[in-house]
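Here is a quick walk through a protein model, one spot at a time. Have a look at it first, then read on.

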Amino acid sequence: MLRTASAILLRYGSMTCQSVSRSSSMVRPAGVHSLLPALSAVSSSAQRALSLSSSSSSSSSSSSSSSFSSSSSSSSPPPPRLPLSSFSPSLATTSSLSSSKGHNQNHKNNPFFNSLPLAAAAATLLALTTVAITQQDAGTFYFRPPTRPHRVMYSLSTYPGNEYIEDRHEIREIMGGDVFCGVFDGHGGWQVAEYASVHLSKNLEIELSNMGHRSEPEEVSKALIRAFERTDRGVIHKVHHAFEIGLGNVAKVGACALTLLIKNQHVFVANAGDCRAVLGKRQLPATVGGARRTTKGATTAKAAVTATATAAAAAGQYVAVALSQDHNAKLPKEALALQQAHPGEPDIVKCKHANACYVKGRLQPTRALGDAYLKYSEFNGRPNRSDSSAGRYIPPPYTPPYITATPEVQVFEGVLDDPTAEFIIVATDGVWDLLTNEEAVRFVGQTIAKGDGMHVSQQLIAHALEARAKDLGMTVEDLRVLPPGKARRSKHDDMTALVIMLQGSAAGVAPESAAANPQDGKVDTSIDPTVPPGE
């Protein structure tokens with residue numbers, strides 16, 4: 001019975017994983033409605049076969065509507081590529097999301113998952129597959145700090161390298177009108193990234209509410225740390241049930257996570273792993289910058305600054321400021337910390353080459369959610385390699401924990417009031433493997449200056465693919481036509497790029513069309529982000 005149930009779940013699970021949360025509506029691929037009753041029946045049979053006791057839980061609170069508009073589109077793996085002109089802007093959709101639901105293009109509202117009791121989900125959810133899709137988003141959100149309202153626009157795109165994309169993301173307004181953004185880079189599977197994208201912001205809301213009226217940056221930073229650790233405990237709890245019944249491979253699934261919280265005119269960046277956040281600052285001549293500071297209210301000074309800013313942007317005069325630090329075993333600082341914490345373990349860091357070093361020969365990131373076998377000895381597998389259910393095994397000396405889910409939190413004050421701070425790029429390492437901070441910032445700045453802020457993330461991924469194709473000595477088209485999976489993954493990783501524009505119309509987008517395509521009044525999310533600019 002269990003084997004039959006698993007086979008059906010593996011076959012049809014990917015079809016149920018395409019639902020997209022959109023206020024009170026949901027978009028599913030054709031055929032899913034008819035499968036849900038059968039899948040629920042299979043779920044019940046699987047639970048009886050596993051003798052698991054559980055209780056299903058699914059809640060969705062609703063609160064007052066926020067001033068957060070977005071537009072998004074997702075689709076199944078595309079057919080052979082068509083010319084750019086063949087894509088119809090009418091495929092784009094728009095909606096207004098409530099602050100409690102936010103924008104999370106995952107599967108938390110799927111009735112199939114809601115019908116799975118919690119303990120059974122531990123045994124079955126991690127075995128499901130998902131559809132490798134390309135997603136694009138653009139929109140505007142407002143938050144209300146004590147001093148003045150501030151509007152922030154964003155552009156988001158994802159692009160798969162793996163057959164089943166392991167990146168996840170979340171953008172939403174949380175309690176108090178604060179803005180939360182997160183990117184999650186899964187490894188060993190997509191499941192931990194999925195869990196984190198659903199639960200981390202909710203756990204942060206719990207931790208912030210526990211603070212009462214306190215809002216000092218130090219306390220908010222501690223709340224972020226507790227939210228990461230609470231999320232990791234949730235992952236480990238679910239992995240424990242699956243591991244106990246012989247699903248050993250779940251212990252090797254993990255995810256790097258980077259979150260950005262805009263609260264009270266502060267920008268909080270919490271990072272665990274090798275995702276990265278980079279601030280793009282426009283470089284102005286010192287004399288002009290001084291003029292703006294000393295004659296802030298003068299119309300002539302403002303006009304001069306605007307003209308100079310436009311010229312500087314067109315010339316690509318931008319400075320990249322890292323807002324996070326990578327946690328990767330290839331970095332001397334991280335390797336040294338591991339060696340000091342685990343003396344007498346010569347294999348604590350193994351390097352294939354200078355850019356590929358692994359903790360205990362297994363994992364490159366030194367901080368991550370999940371990866372239970374690198375944190376707790378009870379999740380170390382058995383030495384029998386022929387038994388695939390045993391999980392990963394690390395021979396002695398074995399003295400976990402080797403990695404941690406505790407993030408490094410950095411706080412930045414004054415970024416939102418700095419006229420030269422134009423945008424923040426938040427991306428998974430699939431982007432940063434192909435572009436330096438400076439290359440990404442220069443390209444994004446130039447693209448926004450041309451007035452295409454809402455599609456800048458798509459253009460950034462296309463630019464990264466161009467760089468990779470050049471390194472490989474192949475054309476971009478040859479790289480794009482590789483199917484997701486081994487063929488494409490050998491060339492590049494999954495990519496998620498989120499560009500947050502901080503300056504409104506100064507960032508190249510007119511206020512009245514901040515989240516709109518001037519052609520049809522909607523953001524055109526049907527454009528293929530892998531098509532290089534100008535093609």
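## Asparagine 437

Asparagine 437 is buried, with a relative accessible area of 13% (buried is under 20%, exposed over 50%, partly exposed in between, using a 1.4 Å probe and protein chains only). You'll find asparagine 437 in helix α11, residues 437–449. Helices here are DSSP runs of H or I with at least four residues, strands are runs of E with at least two, and both are numbered from the N terminus.

What does the side chain of asparagine 437 make a polar contact with? The partner is the side chain of arginine 276, at 2.7 Å. (A polar contact is a pair of N or O atoms within 3.5 Å; within protein, one must be able to donate a hydrogen and the other to accept it, and residues adjacent in sequence count only if both atoms are side-chain atoms.) Setting aside neighbours within four places in sequence, asparagine 437 is in contact with Arg276, Val278, Ala320, Ala322 and Trp432, where contact means heavy atoms within 4.5 Å.

## Ground rules

This is a predicted model, so local features need pLDDT of at least 70 and side-chain atom pairs need 80 or more, while totals for chains, interfaces and linings use all residues. Residues are numbered from 1 along each chain as its sequence is written, and side-chain values use heavy atoms, with hydrogens and water left out.

## The β15–β16 loop

Leucine 374 sits in the loop between β15 (369–370) and β16 (408–413), and it is buried at 0% relative accessible area. Not counting residues up to four places away in sequence, leucine 374 touches Leu363, Ile394, Pro400, Pro401, Tyr402 and Ile403. Tyrosine 402 is 28 residues from leucine 374 along the chain, yet their C-alpha atoms are separated by 5.6 Å.

Now for the prolines. The peptide bond from proline 396 to proline 397 is cis, with omega near 0 degrees, and proline 397 belongs to the loop between β15 and β16. Another cis peptide bond joins proline 400 and proline 401, with omega about 5 degrees; proline 401 also lies in the loop between β15 and β16.

## Positive phi

Glutamine 265 isn't a glycine, but its phi is positive, about 65 degrees. It lies in the loop between β9 (254–263) and β10 (266–272) and is buried at 9% relative accessible area. Lysine 360, in the loop between β14 and β15, has a positive phi as well, near 55 degrees. Is lysine 360 buried or exposed? Lysine 360 is buried, with a relative accessible area of 1%.

## Histidine 237

Histidine 237 is part of helix α6 (residues 217–244) and counts as partly exposed at 46% relative accessibility. Its C-alpha is 10.0 Å from that of alanine 372, a residue 135 places away in sequence.

## The whole protein

The protein has 14 helices and 18 strands, and 54% of its 535 residues are buried. Among contacts between residues at least 6 apart in sequence, 76% join residues at least 24 apart.
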